[in-house]
Amino acid sequence: MHTEPILKVENVVKKFGEITALDGVSINVNRGEIVCFLGPSGCGKTTLLRVIGGFYDQDAGDVTLDGDLINGIPPEKRDTVMFFQNYALFPHMTVFENVTYGLRVRRVPREKMKSQAEEILALIQLEGMEDRFPNQLSGGQQQRVALARALILNPKLLLLDEPLSNLDAKLRSYMREEIIKIRENLNLTIIFVTHDQEEAMSIADKIAVMKSGVIEQIGRPVDIYRYPESTYVANFVGSANFLKATVTGSDQQGSVEIDTKMGSLKMTAPPKSYSVGDRLVAVIRPESIKISFDNNVNSSSMLQGEILRGSYLGSQMIYTIRVREEVITVNVPDPKEDQIRGIGDTVCLILPEYIHLIDAEKAGDLGD
Ligand SMILES: Nc1ncnc2c1ncn2[C@@H]1O[C@H](COP(=O)(O)OP(=O)(O)O)[C@@H](O)[C@H]1O
Ligand SMILES: [Mg+2]
């Protein structure tokens, strides 16, 4: 078993004149993983992918692929293949010629080329289309031919730069499934760049959230969503309520008491010790707060809130609610008619037992 990461990126810096596109990036990618680089336009995703693929030389830092340091090695001499955003096929070449282009460049014998092409075309369900030209294919089929052209080179690492951003929604979700299947069938390692959080969440084993040339956080989608280390990461995957908090008490059983503008809250804390006076930010997802629509319930652990606004979206109701000095967002999934409340109505709120806490100095901008 190879337990070493297939790719190691260590302290990579890349500058374009005055602009520092990558400001000391480190990441390990394990064999067979799909890793997504997620972040807004201009944060350095493409630059990082291009450094890994050998299209840019970094100014500092190391890239190691399968145990070999590959700094300065040109793209065609690396076991990586990059699939560009505009996946243009050669229009005057047939599907077969397009798919086997890279093999011809590498002077692979014709018989071997044919059998490999058959295999890969079967994998992406394009058998029998060998002799067609790109203009005789649908957009989705063209996309798959382009993917086959990359896959046939049997790379150790497949680099995809926003491969689905030009497709309509239906084709996009179909191609996501294709990519996951291909990964399983070929046991490929894939790095996938996207600015779309839903795409990243649905396809990735690990997400690296990037911000201005650095990786803010790397983790499984569930880690990124449930345990964000900054407000930036929390906001990039979904939305969240951020409450400024000060620790007023904690015990050995893992519960902590905090003071917020909503009042004093007692809850299960992460496995970390807190001291009275620590300044924190509590992160509460809108769907993890429940509204008690049963007016008879009146437990002391409940908070009372006043509805400021409600938006009915069919699959969910989004309420803006004032709780003492704080205003929060609460989502009610699958709202029934008797769960729709008007402005000014009072409701009881049930907070989740576990609330994610971030140290205030690491949290970043609260947006208020
Ligand atoms: N070839 C280049 N020349 C000059 N600046 C570049 C070049 N490529 C990228 N940049 C700059 O580097 C930063 C990161 O760009 P990029 O990696 O393309 O971001 P992303 O892919 O996340 O949108 C941006 O500020 C961008 O303007
Ligand atoms: Mg880009």
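Student: Which residue in E9 is the bridge partner of Leu38?

Tutor: That's Val209. Keep in mind that this is a predicted model.

Student: What makes E3 and E9 count as paired strands?

Tutor: The cut-off is at least two bridges between the strands. E3 and E9 (residues 206–211) are joined by 4 bridges and run parallel, so they pair by that definition.

Student: Why is E3 called largely enclosed?

Tutor: To be buried, a residue needs 20 or more other C-beta atoms within 10 Å of its own. In E3 (residues 34–38), 5 of the 5 residues are buried, so the rest of the structure largely encloses this strand.

Student: Which residues of E3 are buried on each side?

Tutor: On one side sit Ile34, Cys36 and Leu38, and on the other Val35 and Phe37. In a regular strand, side chains alternate between the two faces of the sheet. For the protein overall, 34% of the 368 residues count as buried.

Student: What about ligand 1: which element gives the most to its shell?

Tutor: Helix H1, with 3 residues. The shell includes Lys45, Thr46 and Thr47, and by class it has 4 nonpolar, 6 polar and 1 charged residues.

Key. Residues numbered from 1 in each chain as written. Chains lettered and ligands numbered in written order. Predicted model: local features only at pLDDT ≥ 70, side-chain atom pairs only at ≥ 80, totals over all residues. Near = placed C-beta within 6 Å. Helix = DSSP H or I, 4+ residues; strand = E, 2+ residues; numbered from the N terminus. Nonpolar A, V, L, I, M, F, W, Y, C, P; charged D, E, K, R; others polar. Buried ≥ 20, exposed ≤ 12 C-beta atoms within 10 Å, placed from the backbone.
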